[in-house]
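Okay, thanks for coming, everyone. Let me put the structure on the screen, and then we'll walk through a few spots together.

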Amino acid sequence: MTNEKLVQRRYDFVVLFDVKDGNPNGDPDAGNLPRIDAETGHGLVTDVCLKRKVRNYIGLKMDEKAPHGIFVKEKAVLNNTIEKAYVNLDINLKEPPVDPTDGKKRNKEGQGQGKEIDRAKTFMCQNFYDIRTFGAVLSTGANAGQVRGPVQLTFARSVDPIVSLEHSITRMAVTTEQEAEKQGGDNRTMGRKFTVPYGLYRSHGFVSAPLAQQTGFTEDDLELLWDALINMFEHDRSAARGLMGTRKLFIFEHSSKMGNASVQKLFDAIEITLNDKSRPARDFRDYSVTVDADQIPHGVTLIER
Amino acid sequence: MNLHNWCLEVCGDYACFTRPEMKVERVSYDVMTPSAARAIFESILWKPAIRWNVTRIEVMNPIKWISVRRNEVGKTVPAPTAKQMAGVAVAPMGIFIEDERQQRAGLFLRDVRYRIHAYFDFVPPSEHKTNHSSEFWADEQEQTEIVRFDETAAKYAAMFERRAKKGQCFHRPYLGCREFSCDFRLIDDLTVEVARPIDETRDLGYMLYDMDFDRNADDPPALFFRAQIENGVMNTDRRQIEVRG
């Protein structure tokens with residue numbers, strides 16, 4: 001992997017996505033109601049929920065093949081279990097380490113030691129997109145080394161408070177024989193479903209160039225990430241989600257590794273307002289997204305997707 | 001040797017400074033820990049030549065809580081086997097989240113704002129602990145020359161100040177967990193921007209001070225101190241308080 005291809009600049013980004021008549025992220029503590037900030041009524045979508053979607057999208061698009069394997073998998077996406085095309089690193093764990101600084105003989109057969117632990121880490125980073133991007137806790141070595149990925153996401157929060165509706169639905173069949181008997185052959189059960197009529201959510205993310213150097217996160221990987229953020233909901237259709245979609249991706253590209261401006265200033269430049277405050281929003285068109293170009297300092301480029 | 005104190009104002013929507021005794025279903029401390037504050041300074045600038053010391057944490061916003069339950073994975077990634085590395089089709093690598101699922105609630109802080117004060121100790125190059133074995137160096141001359149005599153604390157102080165002023169960072173700093181990213185701002189002049197911390201004085205009990213990497217870098221023991229906030233200010237200066245471990 002050549003050095004020029006690694007991500008050399010800092011990026012900060014804002015993802016705007018919306019939901020129509022669906023449940024973007026259920027709260028396991030509240031019987032799967034949409035997550036809500038109880039104090040303000042704003043809807044929440046956790047960082048891990050969005051990362052799951054990115055992983056699923058990359059898994060589908062790149063067919064789980066190295067170097068774009070996905071380590072943390074969901075069964076629904078997984079179709080092939082045998083991973084091919086591992087990068088061969090030439091470590092024979094049965095023979096003494098090649099590099100004498102790692103020790104003259106192997107302390108325990110079949111276990112890496114010394115720099116080999118780093119090589120195992122490198123191997124994982126090279127083969128798995130999600131480890132390279134988001135990092136992972138790896139149990140290589142004695143003290144469970146960690147890989148810190150360059151990409152960091154935050155909780156997404158709705159622009160306005162959301163309401164969640166409860167719908168009762170019926171099913172014209174029952175699961176078990178006993179249930180049918182209890183109902184005298186009526187064979188109907190009731191279920192519940194929760195939706196948000198409309199919610200526009202805003203999430204913030206960061207890409208750290210120095211950490212990209214450590215995990216080998218390349219420009220191509222970054223391009224894939226933008227692609228995944230834009231299309232992550234297109235392949236995540238289900239009965240619960242309703243209509244979800246990424247509406248806008250704002251990327252602030254700094255001209256240097258460390259960045260050229262404070263991130264809050266950049267994020268504040270993007271303002272979202274409800275056009276008609278007297279009635280609730282039901283569509284993306286009910287909002288105006290404005291960018292205050294004057295607030296973006298020199299050395300930072302705004303890319304809209 | 002230490003130069004003057006720096007003060008950063010940090011704020012974020014959420015924070016979780018997990019109590020070590022309640023880390024399965026995470027419960028945050030009421031206030032940021034010194035170790036989390038140190039990590040924020042380090043995310044802006046850290047080199048082997050400097051060691052950050054947090055002296056004071058001022059709590060600017062009232063302490064508020066939120067509970068969030070998430071699906072998490074209860075497994076760490078196993079090291080790849082030799083066969084896997086060699087590309088032989090053996091057991092698949094990867095974790096299936098349905099099999100390794102843990103639902104964990106977390107009690108996090110919300111809408112936090114702190115002012116954190118710190119200075120750094122300058123570690124002269126001759127005292128750096130390096131992992132480099134003798135084979136790392138081409139010859140002895142290179143090894144001795146790497147101990148540069150133009151190294152000064154002022155250099156790092158200027159670097160930090162430049163970065164912090166511009167909002168630059170090595171990686172995005174966060175409040176306890178990476179999903180709770182935070183913004184930071186260098187307070188230039190403490191006499192102009194006087195802190196108005198919350199009006200609260202109470203004993204917070206024993207709190208994690210930091211991990212003691214000096215004693216054992218691989219498996220550092222934890223250090224604790226008796227945390228107190230007095231009118232919203234927590235004194236974390238190791239030269240003044242007792243730190244036990």
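**A tyrosine and its surroundings**

So, let's start with B:Tyr114. Leaving out residues up to four places away in sequence, B:Tyr114 touches B:Leu8, B:Glu9, B:Val10, B:Phe17, B:Asp30, B:Val31, B:Met32, B:Ile57, B:Glu58, B:Val59, B:Met60 and B:Leu109. Quick reminder: this is a predicted model.

Now zoom out. The largest nonpolar core has 50 residues, and B:Tyr114 is one of those touching the most other members, along with B:Leu8, B:Val31, B:Met32, B:Ile116 and B:Phe160. Several elements of chain B supply at least two residues each, including strand E1 (6-15), helix H4 (153-166) and strand E5 (101-122). Which one gives the most? That's E5(B), with seven residues. There's also a second, separate core of 35 residues, and A:Phe13, A:Phe134, A:Leu224 and A:Trp226 are among them.

Okay, next up is E2(B). Eight of its 10 residues are buried, so to speak mostly covered. What does E2(B) pair with? E5(B), for one: the two run antiparallel, joined by nine bridges, and B:Arg51 sits opposite B:Asp121 there. E2(B) also pairs with strand E9 (residues 233-235) of chain B, again antiparallel, over three bridges. In that pairing, B:Arg56 has B:Asn235 in E9(B) as its bridge partner.

Last stop, chain A. A:Arg55 is in helix H1 (residues 47-61). Is A:Arg55 buried or exposed? Buried, because its relative accessible area is 13%, and the cut-off is under 20%. Not counting residues up to four places away in sequence, A:Arg55 touches A:Ile70, A:Val72, A:Asp130 and A:Phe134.

Definitions and conventions: Residues numbered from 1 in each chain as written. Chains lettered and ligands numbered in written order. Predicted model: local features only at pLDDT ≥ 70, side-chain atom pairs only at ≥ 80, totals over all residues. Heavy atoms only, no water. Core = buried A, V, L, I, M, F, W, Y, C linked by side-chain atoms within 4.5 Å. Buried < 20%, exposed > 50% of the residue type's maximum accessible area, 1.4 Å probe, protein only. Helix = DSSP H or I, 4+ residues; strand = E, 2+ residues; numbered from the N terminus. Contact = heavy atoms within 4.5 Å. Pairing = 2+ DSSP bridges.
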